[in-house]
Amino acid sequence: MASIAKIARRSFLIGSAAIVGGVAFGAYYVSRPAPNPLKPGKGEAALNPFVLIDQQGVTLFAPRAEMGQGVKTTWAALIAEELDVELNAVRVLHGPAAAAYYNSAFIGDALPNRGYNVSDFQHALGEVLGVLGKTLNLQGTGGSTSMKDGYSRMRHAGASARETLKQAAANRLGVDRDQLTTANGRVQAPDGTSLSYSELAEEAAGLDPVKAELRPKSEWRLLGKSQPRIDMVEKSTGTAEFGIDVRQPGMKFASVRMNPRLGAGMNGFDATEAQSMPGVEQIVDMGNGVAVVASNTWLAMQAVEAIEVDWQQAPYPPETDQVFARIAEAFDDKPNSTMRDDGDVDQLPEGASEISAEYQLPYLAHATMEPMNATALYEGDKLILWCGNQMPTFTQSKCAAEAGLESEQVDVHTTYLGGGYGRRVEFDYSVLATRLAKQMPGVPVQLTWSREEDMRHDFYRPGAIARMRGAVKDGTAVLMDGKVAAASPVAQVMDRIAGLPAAGPDKVHVEGFFNPPYAIPNFRMSGHLSDVQIPVGFWRSVGNSFNGFFVESFLDEMAHKAGSDPMEFRLALARKEWAPAAGVLEAVKEMSGWTGQTPDGVGRGVAMCYSFGTPVAEVIEVVDEAGSIRIKKAWIACDMGLALDPETVKAQMFGGMAYGLSAACFGEITFAGGDVEQGNFPDYEALRMHTMPQTEVRVLETQKHLGGAGEPGTPPAAPALANAIFDLTGKRPRRLPLMHDFDLLV
């Protein structure tokens, strides 16, 4: 009988998985036309991509990358709940690149609606259209979609497996399936006969999968309760395999150096010094950069830095101020979108007081803790890749094109990710590893960026400017008219993936800008796309990350203009628009003991953002500590609709807030002579343990639909902090990072 390790190796390396004596269940209902990547060998059986049962027990092939968000554990719980096995009896492996593993939630979230107020019909339409992800080969981890994608699919997979195993037992025992029960991985007969799933696996493999109803929430044993993390032991003991840990026999190690003027080429280079360094094996012209292959990574990094290179000039303005001047020019053009246009913003309501402000946010790097890396082995008619990635199928197709192969000739092993945040949606690092491997057939080559090379060649969160105009009357907001200008990650990613222009209004560009759940009668929000050719991509919470700051900072200014308490000002607007938005505000108000009054030396700020289906409110408290500002406390409330694992949700909210606070305080990518000026954590700081606030998180479940968790904690962090600093100092932050204008405790 094959071990899981053997199954995994054969599944991933050969691409025609051998499942000895086993049977797989699951996606029959949703992916029947998609080929099952777990193809059986002689005497073996595999019915679908997700659940494998063999003599070793139950294995889940999870198609979403585990990058710290707990997806392996919760997906396993979804299966185990319906299959009647304990969570610790489920082994989890990452599935290979395959259309069958498409993400069904990407399409629904992209529909042009506000999200929070969709009708049941619109919600159902989004779920139906989700199957298009299969046609588009959208196997991806991102957009806070993993649970929305897996919630029904995995439970159906478990339920189908359970009932098919029962049918196999019924056939063997000559009884009706309805007379049988299941528990702890066994089928129980009325006469006391007990058969293990492993005993029944081969017989079940010969049956058509049985369709089964899902269990009601009232019968759940695992879901809705916090579970021990499946990946915790590996990560705690250092045995978890990240991309940078991959080792293969005969492996060589490489590092790369690309044009620091992003998107530009190379005129030539002199590698004389690098070639003389012992252990250096090859210098490779990468087209717009150079790479060194050596006996170890450190040597490769040293050698590649010793190469003299003549770089071409950047295709964008060389200085930061010039870049933002170019972004501002987008306001002169017609908007790409006006996705909210309520009332009449051109007419100032009688008796209202007008207010306006302009905000500016910087480019940001993803700053993953594990630098970008990939390992590739080219064997002429086949390519094998090992890397942490968020898009296996796109990685597969792009590397196949680089190698001159068909996608089916490329196997992708997805390892743990040492930070993704959207950076590993891209495939540049895998393509470059493939380019190197093609130079050395039969030799596995691990390409690792230095931290500096990584940070200076990111696909950044775009720099953005907002021009806001509003009006208040009788203590409330009566008008908001906003314009945001920034480059479009969607347009650039579409071009990189498919060479196609983005069509229609760019929803991602204005998410969190046009759909904050506040009832303001005259409300217009427009998006202007700039044409700055600095590479940009999906940074955690994407457009919400800058739009949340713009809207929530300006609301705070409007509240003060109206003479209202910022919390009560928001509550009044949210109660009229969407109850769950008001609910999270009420929660943080109660948790923090908000009174609207803070003593000298203490400042508090609040912000509430809706993103990825989840409203999140945060209150941040700052204190004056000998002239420096310390972030002392934080309170977070989110409404998930359904929290499948409450402690994991809390961890995601906490992590998202920490990521947002770090960027708000210290994060920026700037340019000088076309080069990125930052290169490592000393000049791209993050909050440290001693500067993290004491934090309390509350998870609510009042809204109708399941919301995301990975990103919604980020957008409110920056405006809540900025509003707290205003409360403390009386100085309004209108640009980030805050370190330029305030003395922050580091």
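User: How far apart do the end C-alpha atoms of residues 237-315 lie, and what share of the span is helix and what share strand?

Analyst: In this predicted model, local features need pLDDT of at least 70 and side-chain atom pairs count only at pLDDT 80 or more, while totals for chains, interfaces and linings use all residues. Residues are numbered from 1 along each chain as its sequence is written, and side-chain values use heavy atoms, with hydrogens and water left out. The ends of residues 237-315 lie 46 Å apart, and the span is 18% helix and 35% strand. Helices (H or I, at least four residues) and strands (E, at least two) are DSSP runs, numbered from the N terminus. UniProt, in an unreviewed entry, lists residues 237-315 as "domain: Aldehyde oxidase/xanthine dehydrogenase a/b hammerhead"; such annotations may be inferred rather than shown by experiment.

User: In what order do β22, β23, β24 and β27 stand in their sheet?

Analyst: Strands of a sheet pair through backbone hydrogen bonds, either parallel or antiparallel. Two strands count as paired if DSSP finds at least two bridges between them. Here the order is β22-β23-β24-β27, in an open sheet with mixed pairing. β22 (602-611) and β27 (694-700) are the edges, each with a single partner strand, so one side of each has no neighbour in the sheet. From one strand to the next, the twist averages 15°. β22 and β23 (residues 614-625) run antiparallel and are joined by ten bridges; Ser611 has Thr614 of β23 as its bridge partner.

User: Which strands does helix α20 touch?

Analyst: Contact means heavy atoms within 4.5 Å. Helix α20 (residues 579-592) packs on the sheet and touches β22, β23, β24 (628-639) and β27. Angles run from 0 to 180 degrees between N-to-C directions, with axes fitted to C-alpha atoms, for helices over the stretch in contact. The direction of α20 makes about 135° with that of β24. Helix α22 lies across β22, β23 and β24, at about 155° to β22.

User: How do the axes of α21 and α22 cross?

Analyst: The axes of α21 (residues 646-666) and α22 (residues 717-729) come within 8 Å and cross at roughly 55°. The two helices are therefore oblique to each other; under 35 degrees counts as roughly parallel, over 145 as roughly antiparallel, 65 to 115 as roughly perpendicular and the rest as oblique. Met657, Gly660, Leu661, Ala664 and Cys665 of α21 make the contact with Ala717, Ala718 and Leu721 of α22.
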